[in-house]
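Here is a short tour of one protein model. Please look at the sequence and the structure first, then read on.

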Amino acid sequence: MTEFFSKMNESYAQKHFPTGSVFESAMKTVKRRSIVGFIFFGLFFAAALYGLVWGIGRTLDFVSNGEDDMLSVGIVICGFFGVIVLVCLIVLVFLIKGSRQKRGDYIANSAKHSKLEVSEIEEFEQQALASDCYILKLTAGLDRVLSNATNKDGLLTRDYIYLADPAQTVMRVDTLRACCFSDYTYYINTGKHSKKIHCLAICLIASNGVSVLSDTTEEAGQALIELLKQRNSTIDTNDGRVLPEQAFDSYKKRVLEG
């Protein structure tokens, strides 16, 4: 188990939470990603805007030259670049808005998504830096590198579990109704065809209806299930089976009603 979980220590805390705040560290991660996204979409926006100006110019040329048969082509070109400009502008606005959020905003958003009081989220953050907090290393290799989590590791405190998903979900361990393996899929383009990729995740469901998925290896996921069962023996584990993606909704309904 020590291969996947270790106790919080001064070295780890200083490296990952130098200000003493889990959410400030998450905020910095999101801001770094926002800067990259801003540069990418900013360049795309500039290119699309240039294309729109060029398209408008060509359309005006068609009108002035009496090329009525080409007018529809010019309108299509302008419409195409106009849509791209609009989409890029919307994305840039969201990126700017997200980069301006403060620690308090992240805590409030976490509380809202987790269906917990702000005071409970703040209590979790205090417990996260205590020496009895477990650092959860659920992924390894390429999965760890490509993870979209705001922190590569999850945290299991005295009372809460946090898997660092983008929504910053925090759950009380004593309210967990399920912890099991789950399957999810996505597609990658391989040229002529799209390939369906299956991924293994750990699924948590709390009694308030909040759920979260996190990538995991089979060994780390099994270790987490055993650790949580020690603290909450009523947790459903789906008998150790992997829950199919399409069965998630019915499974969640069953464990919440049980």
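## Model and confidence

This is a predicted model: local features need pLDDT of at least 70, side-chain atom pairs count only at pLDDT 80 or more, and totals for chains, interfaces and linings use all residues. Residues are numbered from 1 along each chain as its sequence is written, and side-chain values use heavy atoms, with hydrogens and water left out.

The pLDDT score is the predictor's confidence in each residue, from 0 to 100. Its mean over the protein chain is 85. A value of 70 or more is reached by 88% of the residues. Confidence is lowest in helix H6 (residues 141–146), with a mean of 56. It is highest in strand E5 (residues 170–172), at 97.

## Overall make-up

The protein chain holds 8 helices and 8 strands. Helices (H or I, at least four residues) and strands (E, at least two) are DSSP runs, numbered from the N terminus.

The chain has 258 residues, and 40% of them are buried. Buried means under 20% relative accessible area, exposed over 50%, and partly exposed in between (1.4 Å probe, protein chains only). Contact means heavy atoms within 4.5 Å. Take the contacts between residues at least 6 apart in sequence: 64% of them join residues at least 24 apart.

## The five-stranded sheet

Five strands form an open sheet in the order E1-E2-E3-E4-E5, with antiparallel pairing. Strand E1 (5–7) and E5 are the edges. Each has a single partner strand, so one side of each is left without a neighbour in the sheet. From one strand to the next, the twist averages 25°.

Two strands pair if DSSP finds at least two bridges between them. Strand E4 (residues 160–162) pairs with E5 in the antiparallel sense over 3 bridges. Tyr160 has Arg172 in E5 as its bridge partner.

## Helices on the sheet

Strand E6 (residues 176–189) pairs with E7. Strand E7 (residues 194–206) meets E6 in the antiparallel sense over 13 bridges. Leu176 has Ala206 in E7 as its bridge partner.

E7 also pairs with strand E8 (residues 211–215), again antiparallel, over 5 bridges. Cys203 stands opposite Leu213 in E8. E7 and E8 form a hairpin with 4 residues between them. In its turn, Gly209 has a positive phi of about 95°.

## Thr185 in strand E6

Thr185 sits in strand E6. Is it buried or exposed? Thr185 counts as buried because its relative accessibility is 18%. Its side chain makes a polar contact of 2.8 Å with the side chain of Glu245. A polar contact is a pair of N or O atoms within 3.5 Å; within protein, one must be able to donate a hydrogen and the other to accept it, and residues adjacent in sequence count only if both atoms are side-chain atoms.

Leaving aside neighbours within four places in sequence, Thr185 is in contact with Lys196, Ile197, His198 and Glu245. Thr185 and His198 are 13 residues apart along the chain, yet their C-alpha atoms are separated by 4.6 Å.

## Asp153 in a loop

Asp153 lies in the loop between H6 and E3. With a relative accessible area of 1%, Asp153 is buried. Its side chain has a polar contact of 2.6 Å with the side chain of Tyr12. Another, at 3.2 Å, joins it to the side chain of Lys137.

## Cysteines

How many disulfides does the whole structure contain? The search finds 0 (a disulfide is a pair of cysteine sulfur atoms within 2.5 Å). For Cys179, the nearest cysteine sulfur is that of Cys180, 7.1 Å away. For Cys180, the nearest is that of Cys203, 4.7 Å away. Cys179 is buried, at 0% relative accessibility. Cys180 is buried too, at 0%.

Terms used: Axes fitted to C-alpha atoms, helices over the stretch in contact; angles between N-to-C directions.
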